[in-house]
Amino acid sequence: IDTRHAKIIKGSTEAQFGYTVQQHEADGHKWLLVGAPFESSGEHQTGDVYRCPLDSKPAANCTRLHLGKISLNNVSERKEKMRLGMTLTSNPKDNSFVACGPLWSYECGSSYYSTGICSRVNSSFNFTHSIAPAFQRCETYMDIVIVLDGSNSIYPWYEVQDFLINVLQKFYIGPGQIQVGVVQYGARVMNEFRLDDFRTVEEVVEAAKNIDQRGGEETRTALAISEARYSAFKHGGRPDAKKVMIVITDGESHDSPNLRKAVEESEKDNITLYGIAVLGYYNRRGINPEAFLREIKFIATDPEEHFFSVTDESALKDIVDALGEKIFSLEGTNQNGTAFGLQMSQAGFSSHIVEDGILVGAVGAYDWNGAVLMETRHGKVIPAKSSYMKEFPEELKNHGAYLGYMVSSVVSAQHGQLYVAGAPRFNHTGKVIIFTLTNSGNLTILYSLYGQQIGSYYGSQLAPIDLDYDGLTDLLLVGAPMYFYNGWEKGRVYIYTINLQGSFIPDGTLGPSEKSHDSRFGAAMSTLPDLNGDGFTELVVGAPLEDNHRGAIYLFYGKQNSIQPKYKQRIAAGDISPGLRYFGRSVHGMMDVNGDALIDLSVGSLGAAVLLWSRSVVRVGISIYFEPSKINVFNKDCNRGGREVSCMLATVCLNVTARTPMTDPKTVALRYSFGFEERRYFPRAVLDSTEDPQPRDVTLRPDSDYCLQVHFHVHEVTDYTRPLIFTVNIGLQSADEGPVLDDGWPTSLQSELPFWNGCDNDDQCIPNLVLQSTSDLLDRRQFCGRRERSLWPVCVHQRTSGERLVEASRRKVLVETRLENQGENSYGTILHITHSPNLQFSSLVLKAPSDIAIECPNSDDTSLNRTCNVSAPFMRSHAQVYFRLEFEFSRSVFLNFVQVTLKVSSEGEEMSPEDNINDIYHNLKYEADILFTRGSSPSRFEIKPELDQSLNVGTGPPFNLSYQIQNLGMFPVSELLFTLNIFAVTRNANTLLRLSDLGIDQVRLCLQIFQSIYFSPKQISLPPQADISITTTGWLNLQTLFAVKFKRLDLVLTAAVELSPSSPMFLHEERPMRHIILEIRKEDDYRIPVWVIVGSTLGGLQLLALLILALWKVWDGVY
């Protein structure tokens, strides 16, 4: 929709010009009908409709139709604030339209009934007839003829005249109510005034004052009744009015034989007769009036109800009120019980043209529950109140449903034409009914749809949509303009899909801009014929309170089976003119207004109507061709910048296709650009000519091609897998002028230019990847080959298993790998590495200079899987690469095996996939680096005899032994057994010492005794770089030691460590032992005799003398 060249038709703000708008074609011209429901006609604010010519003139000269002056015949109208033009409905079939004033009222007695009225205007803008289906004749719609006896016997005449005046003043005389005629008779019959002579009570009373008594010798009552029947009711009488004849006489008729016939013929004409007998003449003369009374009762239609008698002429004033009550009791009630229920119906609050007439909403009917009425060429169609009772129960009567606030119709494949009516106040949340209505008034409700939010006014707007123009209604849109959302009265439109079974299925909602506040979105809706050429009907939704009551409209595009949920265009009042207010209060679009073959839109505003022109929609086709069709980097056919490159040509073609009609000059001004999508420092492809500016402009006509040749070159690159992307972008030189681009059609084209893969088959290469790998873990033969290990238990006890031995100093596992491609180029070559949890991937190192690169992107260090790209984008045929994988042993996970799985894959189909996988799996034995030591302090004891006297039984000198075990390696040692053997029991099973405590790292352990040995085995686990201390305390058993004869006793305590056979570790020795010796010395208790001492002394002196003599002789012999 064009917003820059809108045509604004201004009118009276006070008259609410622009409240409704309708595009209309009549009298060979195109018009815009604009409702002004507050327009004045003379002293009354009736409302009216304007017709504005839709021509090329910049200013529209609108003409008022003066529909407010039109009156309904024989009705006492009240046109003040009737709001004519509040509803406008155009009928394109016969170029007529209907304008309604729902507050039109008329007088009935002392009341005013607001039933509403509509005016139908033909194609020549001439009023044809009024439409008022809720209008009913007043109860006082009567033609009353008063037949007065003016013979000589009536006396005094002024009493009769006063009676006549008093009666007339009781009547509601006026159009649509009571008409009165007066006939006076005696011997002759005279019409004093006819029924249509006077229009008001005042006029009739004034005429009655001037009636003189005509006199006469005879009372010809039968003749007077016949004359009144023939003449008085025929001249000025209304065929559909109740007929009442009041006969006042004071004596028997002189033509009584004719009386029966006159009365019977009157009754045949549905004339109700009242007889009033004045007995003044009889009473004055003392005559029996019995025959006279029988005659008057015969005249009365109902002798009990319609007969009155008075004593004389002066007593007539006493029956005035009673007579009035009897006459007005003739008012009746419609057979279907609608008489009182429609008196405030406000029919015409909404209207909708149907095939056989017009459907109107009557929101005030039945105490504001509302109703739907129809008027056809056959007459009014008024459904019975009971038709609504099931859907609008009496217990909700006080809610005021406002049924008929909006009316419309749909065409269903299952049911044909169905009528739709909204009741926005039903149960406070709103309701929509779908129903059938026959010309006989039979209304059947088939479906009901319900609102979701209190006060949302769900059902106040309806918009049926035939999306694909097949004659069947595809969607029903229901407006809830007061829907409250996110703290604002935004409004909402509900979408219902009509399926083949005729059911109404909820299909989402539409809403205004997220930035909107109080919008009243959905206060007006209108369908639009296809605007963008996709073959689907569009939708316009008004939001008149948006932007602080300036207003806005929203354009939604149709699509297959639904409406696009996001609006295509939002047009704010400020986009058109800063002075607009309540823009979007009404919308309508159905025809080409300005002659460009495009559908245009009319929008109502406060005091203005806005015409918005549609713009042509075009599609721009883009095509790109490359020569050659693939890049062959192996063929360098030109030189650019001193480098050999591959030169190529791209041909870019543009063409325009009109989706909707185009206006002169029928051209499209385009702006386009092109280039490669190469966001890198050194692009793979470069345009030869970079001096020509971009973007470029070109103007095209529909169905013509424009082509441009673009030369470019491609460098030697390593990225051959991803094709080059050549992009062409197009747009309009001006967004505000000329056609617009179809938003459902792409405005850019990306074309891929692939590289030649270098294989025999252009589409698929067939590689043959071969993977070989080995680990550097030592087998038993390799491990034991060193001399210092040859005597280790693990090497002495040979095994045939394939396990690997892990040195204590080893920290890594190396996997030597060779990858070769023995087939065609391998694109997208990927190396998959998987390993056991006790390994951590460290690195991948190429072993020799190679043009093949292997990249392993960083990943989670705890991951057991890794993916590496090999020689991206492809690995050439017959290429090979050597590389080393390094893994570190995990410090947190310890297993008795190791596994590394290598798998290589590519985008091609492998010739022999079985050699693409290597699975390295080894059971492991770990060298345990254990240091086992004992405490170095000597343990020596002296036992003296006196100790035996000083110590208690069961005690002795204490001793303390200690050992230490250290794990110097990087692997945990488990299932390590520690054993302490103590040989300290005599032959008689007496213990020489006792142990009191044995503890590992200050944890006390219980002890066990086995025959002559204290034996204490304990299983120990040592983490890497950890150590433990083992302490043993006890005391010597002096009782046993004193009982045993010895001078020196060595007690040996032997500690040993060994591994469980199931342990994954091994030691350098089979069972390393550490000994601790307790040395015990004992003194004997005996005396040495004196002779022994003396003899020993003398013997010693003698030996000394002999030694001295021997030494002297030796010395003398030498010198």
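Start by selecting strands β47, β45, β49 and β51: these 4 strands form an open sheet in that order, with antiparallel pairing. Here two strands count as paired if DSSP finds at least two bridges between them. Strands are DSSP runs of E with at least two residues, helices are runs of H or I with at least four, and both are numbered from the N terminus. At the edges sit β47 (696–700) and β51 (748–753), each pairing on one side only. From one strand to the next, the twist averages 25 degrees. Such angles run from 0 to 180 degrees between N-to-C directions, with axes fitted as lines to C-alpha atoms.

Before moving on, a word about what is on screen. This is a predicted model, in which local features need pLDDT of at least 70 and side-chain atom pairs count only at pLDDT 80 or more, while totals for chains, interfaces and linings use all residues. Residues are numbered from 1 along each chain as its sequence is written, and side-chain values use heavy atoms, leaving out hydrogens and water.

Stay with the sheet and pick residues 724–732, which are strand β49; this strand pairs with β51 in the antiparallel sense over 6 bridges. Show V728 and look across to β51, where L749 stands opposite.

**The whole chain**

Now zoom out and colour by domain. The protein chain divides into domain 1 (2–119 + 343–536 + 557–580), domain 2 (142–211 + 238–250 + 270–329), domain 3 (617–753), domain 4 (769–926), domain 5 (930–1082) and domain 6 (1088–1114). These bounds come from an automatic or database domain assignment. Between the C-alpha centres of domain 4 and domain 6 there are 88 Å.

**A VWFA annotation and a helix**

Next, select 143–323, which an unreviewed UniProt entry annotates as "domain: VWFA".

Then pick helix α2 (residues 201–209). Which of its residues are buried? They are V201, V204, V205, A207 and A208. These residues lie on the same side of α2 because they cover an arc of only 160 degrees around the axis; the arc is taken from the directions from the helix axis to the C-beta atoms.

Residues 3–61 are 0% helix and 42% strand, with end C-alpha atoms 22 Å apart.

Select β27, β28, β31 and β32 to see 4 strands in an open antiparallel sheet, in that order. Its edge strands are β27 (461–465) and β32 (504–510). Strand β28 (residues 475–480) is joined to β27 by 5 bridges, and A463 has L477 as its bridge partner in β28.

**Two last stops**

Centre on S826, in strand β56 (residues 826–827). It counts as buried because its relative accessibility is 0%; buried means under 20% relative accessible area, exposed over 50% and partly exposed in between, using a 1.4 Å probe and protein chains only. S826 touches residues including P767, F874 and S906, where contact means heavy atoms within 4.5 Å.

Finish at L977. It stands opposite Q1019 in β73, and its bridge partner in β75 is E1058.

Key. UniProt positions renumbered as here; feature names shortened; annotations may be inferred. Lists of a residue's contacts leave out its neighbours within four places in sequence.
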